[in-house]
Amino acid sequence: MIYTVTVNPAIDYIVQLKNLTLGEVNRMDYDNKLPGGKGINVSRILKELGHENTALGFLGGFTGDFVDNALQGLGLQTSFTRIAADTRINVKIKAQNETEINGQGPAISEAEVQAFSAQFEQLTPQDTVIFAGSLVPSLSNDFYLDLIKIIRSKGAQFVIDTTGESLLKTLPEHPLVVKPNNHELAELFGVQLNSIADIVANARKLLDLGAQHVLVSMAAEGGLMVTKDHVYRSEAPKGTVINSVGAGDSMIAGFTGTLTKTNDPQEAFKYGLACGSATTFSEDLATREKIEEILPQIKITEWHE
Ligand SMILES: Nc1ncnc2c1ncn2[C@@H]1O[C@H](COP(=O)(O)OP(=O)(O)OP(=O)(O)O)[C@@H](O)[C@H]1O
Ligand SMILES: O=P(O)(O)OC[C@@]1(O)O[C@H](CO)[C@@H](O)[C@@H]1O
């Protein structure tokens with residue numbers, strides 16, 4: 001079973017207007033509320049692809065009820081821990097350009113954390129846990145790492161989509177895959193990445209530090225997969241960009257779902273790329289139909305120095 005963990009879910013409040021003028025009263029042309037949070041997005045794409053999964057995390061208040069109902073409506077399997085405080089609302093403004101205003105997230109009590117963490121005792125070596133998204137301020141920076149240690153003690157795999165020090169700390173526990181984008185990779189090692197060779201050299205550092213597979217996403221430039229013996233590259237298919245929210249989550253879902261099913265990293269990379277682009281070309285997250293439309297356009301080649 002694949003589990004996704006969204007510690008800090010959200011209602012993604014999508015607001016569309018032609019022009020946003022700061023300091024003025026602006027009127028929306030269109031708005032929509034979607035269940036959001038990176039792990040939840042991963043779960044939604046996994047489900048589209050037919051990979052059985054359960055979404056875990058914390059939900060509270062009327063906003064938490066909204067997210068829960070929306071996920072039930074989508075037919076997602078969930079096991080969220082209820083909390084007293086309200087789940088956050090993240091504002092996504094689509095005007096001349098895209099602006100996101102994400103909430104910090106609710107406080108989570110020690111008892112709520114205990115109830116959540118107890119679920120990890122049931123894991124088996126057949127399970128994979130995907131952590132994605134920010135922590136809430138009341139949790140320690142080692143929250144993911146402590147859970148990862150439990151996961152590894154059960155022989156299960158984990159995937160983590162985070163950045164900076166929080167990512168580096170998890171590498172000795174051998175994540176199945178990590179997926180920084182090229183900017184995050186540069187920041188992680190305090191370097192400038194001026195060429196594919198630079199990106200590959202720094203992605204290799206993540207392998208050396210313990211990651212089993214490294215993907216580097218490069219938005220409209222496509223992506224790279226770096227393994228011990230090979231580097232694969234793909235351009236991104238061309239299309240009209242409608243929504244960039246969730247492209248990275250979709251890539252993680254496509255890659256991890258396919259890898260755990262087929263054990264074929266190249267096939268998994270292909271699905272990851274197709275899911276990322278399919279979401280970019282959709283209003284909400286990609287549907288299976290859109291992913292299947294994009295899949296034949298993905299061409300992976302081996303990259304050599
Ligand atoms: N403009 C685009 N055109 C085509 N494909 C895209 C585009 N943007 C993203 N993708 C696809 O989605 C993948 C993931 O996107 P990106 O590199 O933006 O991840 P990210 O920075 O984690 O995204 P986000 O945080 O916005 O979800 C890319 O590797 C690419 O395959
Ligand atoms: O604040 P975080 O947890 O880093 O990111 C949360 C978020 O921006 O990520 C998703 C897109 O990747 C959205 O659904 C959600 O609002």
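In what order do the 4 strands of the open sheet with mixed pairing lie? The order is E3-E2-E6-E7, where strands (E, at least two residues) and helices (H or I, at least four) are DSSP runs numbered from the N terminus, and two strands pair if DSSP finds at least two bridges between them. The model is a predicted one, in which local features need pLDDT of at least 70 and side-chain atom pairs count only at pLDDT 80 or more, while totals for chains, interfaces and linings use all residues. Residues are numbered from 1 along each chain as its sequence is written, and chains are lettered from A and ligands numbered from 1 in the order in which they are written.

Strand E2 runs parallel to strand E6 (residues 88-94), to which 7 bridges join it. Within this pair, Ala-10 is found opposite Arg-88 of E6. Helix H2 (residues 61-73) packs on the sheet and touches E2, E3 and E6, contact between two residues requiring that their C-beta atoms, placed from the backbone, lie within 7 Å. The direction of H2 makes about 80 degrees with that of E3.

A further open sheet of 4 strands has antiparallel pairing and the order E10-E11-E12-E13. Its edges are strand E10 (214-217) and strand E13 (300-302), each of which pairs on one side only. Strands E11 (residues 223-226) and E12 (residues 231-234) run antiparallel and are joined by 4 bridges; Val-226 has Val-231 in E12 as its bridge partner.

The protein chain is divided into domain 1 (1-23 + 30-159) and domain 2 (177-305), with bounds that come from an automatic or database domain assignment. Their C-alpha centres lie 21 Å apart. The contact takes 18 residues from domain 1 and 20 residues from domain 2. On the side of domain 1 that touches domain 2, helix H1 (38-48) and strand E8 (128-132) are the elements that give two or more residues, and H1 provides the largest share, 7 residues. This side has 9 nonpolar, 3 polar and 6 charged residues; Ala, Val, Leu, Ile, Met, Phe, Trp, Tyr, Cys and Pro count as nonpolar, Asp, Glu, Lys and Arg as charged, and the others, Gly among them, as polar.

Ligand 2 lies between domain 1 and domain 2, because both give residues to the shell around it. This ligand is surrounded by 16 residues, of which Gly-36, Asn-90, Asn-102, Gly-133 and Ser-134 are the closest; a residue is near a molecule if its C-beta atom, placed from the backbone, lies within 6 Å of it. At least two residues of the shell come from each of strand E2 (10-16), H1 and helix H8 (247-262). By class, the shell has 2 nonpolar, 10 polar and 4 charged residues.

Around ligand 1 there are 19 residues, the closest being Ser-217, Ala-236, Gly-248, Gly-276 and Ser-277. H8 and helix H9 (265-280) are the elements that give two or more residues to this shell. Its composition is 8 nonpolar, 10 polar and 1 charged residues.

Methods:
Axes are lines fitted to C-alpha atoms, for helices over the stretch in contact, and angles run from 0 to 180 degrees between N-to-C directions.
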